Amino acid sequence: MAQPGTVSRIVLASIWLPLGAAMVVVPSWLGWTRWAVILNGHPVTLTVTILCAMVGLVAVVWALGSLFLGSRYDREVELGEPGYRTRKQLHRRAKRRIGLAIPALLVCLLVVSVLAWARPFAATAVAVAATRSSTTVAVADRLTWYEMRSIRQDRFGREIRPTIGLVFYPGARVDSRAYANVLKPLAAAGYLVIVLKSPFGIALADVNQAQAALDVHPEIRSWAVGGHSLGGVAAASFADSHAPQVKGLLFFASYPSVKLERSDLVVTSVSGTADGLATPSDIADSKPDLPRGTRFVAVRGGVHAFFGDYGDQPGDGTPGVARAAAQAQIAKASIALLAALAPAAKKR
């Protein structure tokens, strides 16, 4: 007669073995191909990636040990207590193991699946270079965002600090550094620009992340929030229901998921006519969900991936304009939005 719990132990070990291997392989693959992105991203992504590999290694060792030595260790009582477990004790041990293993399996499967799916689009060399400070723009790297501001002085040599700022949510699975080159002209024009590092590269994972940036900069009197693609959805949600100092909303190839309740927002929607993901028809369909005075800027020949610098994106359209020319139009429209907030800032 088979020892109680043997079948369930073998089944669990047979599941844990490939899952544990995947939990080691996926983080190793991410580390090999996207280490710089993960290291410069949200700390929760790095933490979960490392923990996943560690738990996976433990799972593999346990599975192998359970397959080859499990029957013996099930049967024997713990060290220091000579003897063997009764069948009733073995049944109880098996039930406890199943009760713990199944939820753990589901959680681990979810984690490794999310990590594999969320492998980010890496910023190109042009974008990475833009994350470095220059003689005109200072770049500061924070834990969950990086910020850019102009280096300016008045005629008395005193620093001129910006009073209008933009908090930007990256697109799904896009390296936050990919937007530095597109948004740096805004900082050079005298505005504070903050680019968030989204958990797992998904802005919707923390829609309220912008609030922390607002709290750190009380000197900013008027804010705009914006985002690219899925990041724009998160920005719209935040702007519609949060901080009263948020006066503007900027969409890069994006639109809100629901009709905005706030009609006082200054909104600009910048899109590409050749975008294969946020298509011109998608942008047109979003108009009823936006305030009446929303400004729509269409970049002729622009595609989804032109709103950042992270290479081509699957499903995107074929560009009909040079990337640099498209990004110049994007930056110009963005600066115009921030400039429109200036009167509100002066009245305070």
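**Aromatic contacts in close-up**

Lys-287 sits over the face of Phe-296, 4.9 Å from the ring centre. The structure shown here is a predicted model.

**View 1. Charges over rings at Phe-296 and Trp-117.** Besides the placement of Lys-287 over Phe-296, Arg-173 lies over the face of Trp-117. The distance from Arg-173 to the ring centre of Trp-117 is 5.0 Å.

**View 2. The ring pair of Phe-168 and Tyr-179.** Searching the whole structure gives 4 aromatic pairs. In the pair of Phe-168 and Tyr-179, the ring centres are 5.0 Å apart and the planes stand at 50°, so the pair is tilted. Phe-168 belongs to strand 3 (residues 164-169), while Tyr-179 is in the loop between strand 3 and helix 5 (180-188), so the pair ties together parts 11 residues apart in sequence. Phe-168 and Tyr-179 are both buried.

**View 3. The ring pair of Phe-168 and Phe-252.** Here the centres of the two rings, Phe-168 and Phe-252, are 5.2 Å apart with planes at 55°, so this pair is tilted. Phe-252 has a relative accessibility of 0%, so Phe-252 counts as buried.

**View 4. The aromatic cluster around these pairs.** Phe-168, Tyr-179, Phe-252 and Phe-307 are linked into a cluster by ring pairs. Among the pairs shown in the other views are Phe-168 with Tyr-179 and Phe-168 with Phe-252.

Notes
Residues are numbered from 1 along each chain as its sequence is written. This is a predicted model: local features need pLDDT of at least 70, side-chain atom pairs count only at pLDDT 80 or more; totals for chains, interfaces and linings use all residues. Side-chain values use heavy atoms; hydrogens and water are left out. Rings of Phe, Tyr and Trp (its six-membered ring) pair if their centres lie within 6.5 Å; planes under 30 degrees apart count as stacked, over 60 as edge-to-face and the rest as tilted. Helices (H or I, at least four residues) and strands (E, at least two) are DSSP runs, numbered from the N terminus. Buried means under 20% relative accessible area, exposed over 50%, partly exposed in between (1.4 Å probe, protein chains only). A charge sits over a ring if NZ of Lys or CZ of Arg is within 6 Å of the ring centre and within 35 degrees of the ring normal.
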